[in-house]
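Thank you for making the time this morning.

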Amino acid sequence: MTKQKIIIERELITNSESILWQLISTADGLALWVADDVKLHGKTLEFTWGNVWSHHEIRQAEILEKKKNKYIRFRWIDEVDDNAYIELKILRTDLTNDFILSITDFALPEDVEQLTGLWEDDLERLHRATGM
């Protein structure tokens, strides 16, 4: 079954494109809001949820594209849908010049609500960690 594209956009309260870029493109930045720990090994991101000494999940993703201060796109290494990826993109509004974080992900139709909820939780975690 083909996965469907999900796009979530959230306006962020920041004047710094470089700080936002660090939050979406570095292991330390991603560890603040996407996973409990993130490590970068070359072009591979390793995400860990939970504590390593107890129940946890580890997933690896290959970085497909990265354009500084614009976006990062990666795909889970175990992804079976060749068209699926995750993209974290920095946008600016024309009216207010504020920053928007756009998240693109893919899910099976029955998993869309759950995946959207996970990203909303991550965005709340980002807000709590940074105030954005």
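Of the contacts in the protein chain with a separation of 6 or more, 46% are between residues 24 or more positions apart, where contact means heavy atoms within 4.5 Å. Please keep in mind that this is a predicted model, in which local features need pLDDT of at least 70 and side-chain atom pairs count only at pLDDT 80 or more, while totals for chains, interfaces and linings use all residues. Residues are numbered from 1 along each chain as its sequence is written, and side-chain values use heavy atoms, with hydrogens and water left out.

As for overall dimensions, the C-alpha atoms fill a box of roughly 40 × 35 × 25 Å along the principal axes. The radius of gyration of the protein chain is 15 Å, which agrees with the value near 14 Å that a compact globule of 132 residues would have; the radius is taken over C-alpha atoms, and the globule rule is 2.2 Å times the number of residues to the power 0.38. Buried residues make up 41% of the 132, with buried meaning under 20% relative accessible area, exposed over 50% and partly exposed in between, for a 1.4 Å probe and protein chains only.

The chain has 3 helices and 7 strands, in the order β-α-α-β-β-β-β-β-β-α from the N terminus; these are DSSP runs numbered from the N terminus, helices being H or I of at least four residues and strands E of at least two.

Let me turn to the strand pairing, for which DSSP must find at least two bridges between two strands. β4 and β5 pair in the antiparallel sense over 6 bridges, and E62 has R75 in β5 as its bridge partner. The two strands form a hairpin with 3 residues between them, and N69, in that loop, has a positive phi of about 65° although it is not a glycine. On to the next pair: β5 and β6, residues 86-92, are antiparallel over 4 bridges, with F74 standing opposite I86 in β6.

Which elements each supply at least two residues of the lining of the largest pocket? They are β4 (56-67), β5 (71-76), β7 (99-107) and α3 (112-130), and α3 gives the largest share, 7 residues. By pocket I mean, on a 1 Å grid over the protein atoms alone, an open set of points where a 1.4 Å probe fits, with protein on both sides within 12 Å along at least five of seven lines, and lining residues have an atom within 4 Å of a point. The volume is about 620 Å³, counted as the space filled by probe spheres set on the points, which are joined across faces, edges and corners. Of the 26 lining residues, R59, W76, D105, L115 and L118 lie nearest the centre. The lining divides into 14 nonpolar, 1 polar and 11 charged residues, where Ala, Val, Leu, Ile, Met, Phe, Trp, Tyr, Cys and Pro count as nonpolar, Asp, Glu, Lys and Arg as charged, and the others, Gly among them, as polar.

Two single residues remain. N97, in the loop between β6 and β7, also has a positive phi, near 65°, without being a glycine, and N97 is partly exposed at a relative accessible area of 44%.
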